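Here is a short report on helix packing and charged pairs. Keep the sequence and the model in view while reading.

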Amino acid sequence: MEGREEDVRVGANKYGERQPIGTAAQAQDVRDYTEPPPAPLFEPGELSSWSFYRAGIAEFVATFLFLYITVLTVMGVAKSPTKCSTVGIQGIAWAFGGMIFALVYCTAGISGGHINPAVTFGLLLARKLSLTRAVFYMMMQCLGAICGAGVVKAFQKSQYEMLGGGANTVSTSYGKGSGLGAEIVGTFVLVYTVFSATDAKRNARDSHVPILAPLPIGFAVFLVHLATIPITGTGINPARSLGAALIYNKHQAWDDHWIFWVGPFIGAALASLYHQIVIRAIPFKSK
């Protein structure tokens with residue numbers, strides 16, 4: 001019994017001197033985290049590494065599955081004459097958010113679980129990965145999205161074309177400016193959440209607060225879809241928009257397609273700059 005009491009006493013005090021949370025932590029002189037060096041723009045060694053190609057394959061498969069499940073969900077809602085008999089907008093939002101949660105959880109340890117060129121672009125601007133890897137990821141994400149939407153069309157071609165194929169379009173009730181703004185803000189929310197949920201310094205400082213990174217990322221996708229489905233059908237992922245548009249291939253899918261590239265990339269860039277400059281203040285830290 002005495003041994004057990006000692007174990008309890010030691011365990012209770014093992015983490016007694018924790019790092020303060022929030023602004024109080026910034027006043028501490030002792031750092032519990034070393035900032036990693038920025039990734040090089042080009043790293044030739046990556047091209048001869050199997051882990052590099054394995055990560056690209058993981059991004060392809062994840063984006064493939066993402067498009068397959070979400071496009072089918074969108075078509076199921078569009079097919080029903082009454083939304084009460086389907087999962088509705090909330091169900092679509094859950095499908096997108098839930099798939100991101102599951103896929104990021106599955107691939108985070110392999111590729112980082114980007115599944116979105118906008119996320120990759122934001123991390124590239126923050127120098128979290130090389131330009132070589134970023135371009136490779138974006139190519140595999142777009143290819144996976146095209147294949148995912150293509151498989152849906154192959155299974156039910158007539159239904160796919162009749163129901164719009166899950167392609168993103170700006171609603172007739174909104175203008176192009178509103179659509180672009182929705183994509184910028186929506187992607188900002190997503191990419192900012194990605195940075196916050198995967199911040200290694202935050203995890204080191206607040207290690208007593210368990211954070212399952214895929215959960216807030218998936219929830220952010222869910223919330224953004226609830227807000228912007230009525231405006232643009234919610235893109236915030238250029239690969240998702242490209243895959244659906246290319247396989248559907250009707251003029252309405254291409255009319256405003258630029259919005260679903262420009263908006264997410266601007267939103268990702270703003271989120272990256274905000275996190276790195278304002279939140280982390282990296283440019284202002286002493287060498």
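## Helices α8 and α10

Helices α8 and α10 are roughly antiparallel to each other. The term covers angles over 145 degrees; under 35 counts as roughly parallel, 65 to 115 as roughly perpendicular and the rest as oblique. α8 and α10, the latter spanning residues 214–232, pack at an angle of about 175 degrees, with their axes 9 Å apart. Axes are lines fitted to C-alpha atoms, for helices over the stretch in contact, and angles run from 0 to 180 degrees between N-to-C directions. Helices are DSSP runs (H or I, at least four residues), numbered from the N terminus.

From α8, the contact takes in S178, G179, A182, E183, G186, V189, L190, T193, V194 and A197. From α10 come P216, I217, A220, V221, V224, T228, I231 and T232. Contact means heavy atoms within 4.5 Å. By class, the residues of this α8 and α10 contact are 11 nonpolar, 6 polar and 1 charged. Ala, Val, Leu, Ile, Met, Phe, Trp, Tyr, Cys and Pro count as nonpolar, Asp, Glu, Lys and Arg as charged, and the others, Gly among them, as polar.

## Basis of the model

This is a predicted model: local features need pLDDT of at least 70, side-chain atom pairs count only at pLDDT 80 or more, and totals for chains, interfaces and linings use all residues. Residues are numbered from 1 along each chain as its sequence is written, and side-chain values use heavy atoms, with hydrogens and water left out.

## Helices α5 and α8

The axes of α5 (residues 117–125) and α8 (residues 176–197) come within 10 Å and cross at roughly 55 degrees. That makes α5 oblique to α8. The crossing of α5 past α8 is right-handed (the near helix is turned clockwise from the far one by less than a right angle).

On the α5 side, the contact residues are A118, V119, G122 and L123. They meet T187, L190, V191, V194 and F195 in α8. This contact of α5 with α8 has 7 nonpolar residues, 2 polar and no charged.

## Salt bridges

Side chains of opposite charge can pair when their charged atoms come close. How many salt bridges does the structure hold? There are 3. A salt bridge here is a side-chain nitrogen of Lys or Arg within 4 Å of a carboxyl oxygen of Asp or Glu. E46 pairs with R133 at 3.0 Å, N to O. This pair links distant parts of the chain, 87 residues apart: E46 is in the loop between α2 (23–26) and α3 (50–79), and R133 is in helix α6 (residues 131–155). E46 counts as buried at 10% relative accessibility. R133 is also buried, at 16%. Buried means under 20% relative accessible area, exposed over 50%, partly exposed in between (1.4 Å probe, protein chains only).

D256 and K176 form a salt bridge at 3.3 Å, N to O. Here too the pair links distant parts of the chain, 80 residues apart: D256 sits in the loop between α12 (251–255) and α13 (259–279), K176 in helix α8. Are these two residues buried or partly exposed? D256 is buried, with a relative accessible area of 12%, while K176 is partly exposed at 48%. E161 and K153 also meet in a salt bridge, at 3.6 Å, N to O. E161 is partly exposed, with a relative accessible area of 29%.

## Around Q159

Q159 lies in helix α7 (residues 157–162). Q159 is partly exposed, at 21% relative accessible area. Leaving out residues up to four places away in sequence, Q159 touches M75 and K79. Q159 and K79 are 80 residues apart in sequence, yet 8.3 Å apart in space, C-alpha to C-alpha.

Methods
Helix = DSSP H or I, 4+ residues; strand = E, 2+ residues; numbered from the N terminus.
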